[in-house]
Every structure is written in C-alpha cells, then in structure tokens.
Amino acid sequence: MTAGHRITIEQGTEHVRVVHDGQVLAESTRPLLLRETGLPVRYYLPMEDVRTELLTPSDTHTHCPFKGDASYWSVPGAPDLVWTYPDPKPEVAEIKNHVCFYEVKVI
C-alpha cells in the first residue's frame, strides 16, 4: 500500500445474504471483510456461496491500483451489481475466487 492508504482483510463469521428483487443471489457465513481507507467495509463472498447462474457477465472492467483489475456481473435491473478480482495483486491475494456486491445484508 502507499502512505495514507491501507487495506486489511480478515475472515468474518457474519451471516451475509444478498437479495435482489426478492431473489437470493448469495448467502454465506464465511465472508472476507475487506477494509480500505476511505471506503465502507466490503464483504467478499466465496464464489461457491453465490448463485452465479443468476448473474450475467458485464463488459465493464475497472482498475484499482491497490487490488488490480476487476470484472463485473449484472442482474436484470441492476447493472454491474457484482465484481471480482480474477487475478488480484499479491497484497490482497485472499480475495481471489471471491465476489463482492454493492448491497449486502448482515444477519
């Protein structure tokens, strides 16, 4: 990381559920909690806990100088709702094979 910017990742035990238009898209009790300077805590869920058959790959790709290149997925009515870092930078390698949603509910 750089001076003033920090990312930490820890194994969480929270029950995280992602629901869109009444449909459960993901549910996990093993999220990774990613804390990044200036951003809200993000829950990265293991791919196995996500209903990927409900997601459509997007053409959107972004670059983060701290995490790498992200790919996105959409659901009807919610473009680019989900992202992942297929080949994250070594400093955040734990998030590989995990996805993050913009909106999650911790229960």
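For the notes below, I call two residues in contact when they have heavy atoms within 4.5 Å. I'm working from a predicted model.

I checked the UniProt record first: its unreviewed entry annotates residues 16-103 as "domain: DUF427". I get 0% helix and 56% strand for that span, and its end C-alpha atoms sit 10 Å apart.

Entry 2, strand S7. I picked S7, residues 68-75, and found seven of its eight residues buried.

Entry 3, the S6 side. I counted six bridges between S7 and S6 (residues 56-64), and the two run antiparallel. They make a hairpin with three residues between them.

Entry 4, the S8 side. S8 (residues 78-84) also runs antiparallel to S7, joined to it by four bridges. This hairpin has two residues between its strands, and I wrote down a positive phi of about 85 degrees for Gly77 in the turn. Across the pairing, I found Tyr72 opposite Trp83 in S8.

I then zoomed in on Ser74, which lies in S7. Is Ser74 buried or exposed? I put Ser74 down as buried, because its relative accessibility is 16% and the cut-off for buried is under 20%. Its side chain reaches the backbone nitrogen of Asp80 at 2.7 Å. Skipping neighbours within four places in sequence, I list Ser74 in contact with Leu54, Leu55, Thr56 and Ser58, and also with Pro79, Asp80 and Leu81.

Terms used:
Residues numbered from 1 in each chain as written. Predicted model: local features only at pLDDT ≥ 70, side-chain atom pairs only at ≥ 80, totals over all residues. Heavy atoms only, no water. UniProt positions renumbered as here; feature names shortened; annotations may be inferred. Buried < 20%, exposed > 50% of the residue type's maximum accessible area, 1.4 Å probe, protein only. Pairing = 2+ DSSP bridges. Polar contact = N/O pair within 3.5 Å; in protein donor to acceptor, adjacent residues only side chain to side chain.
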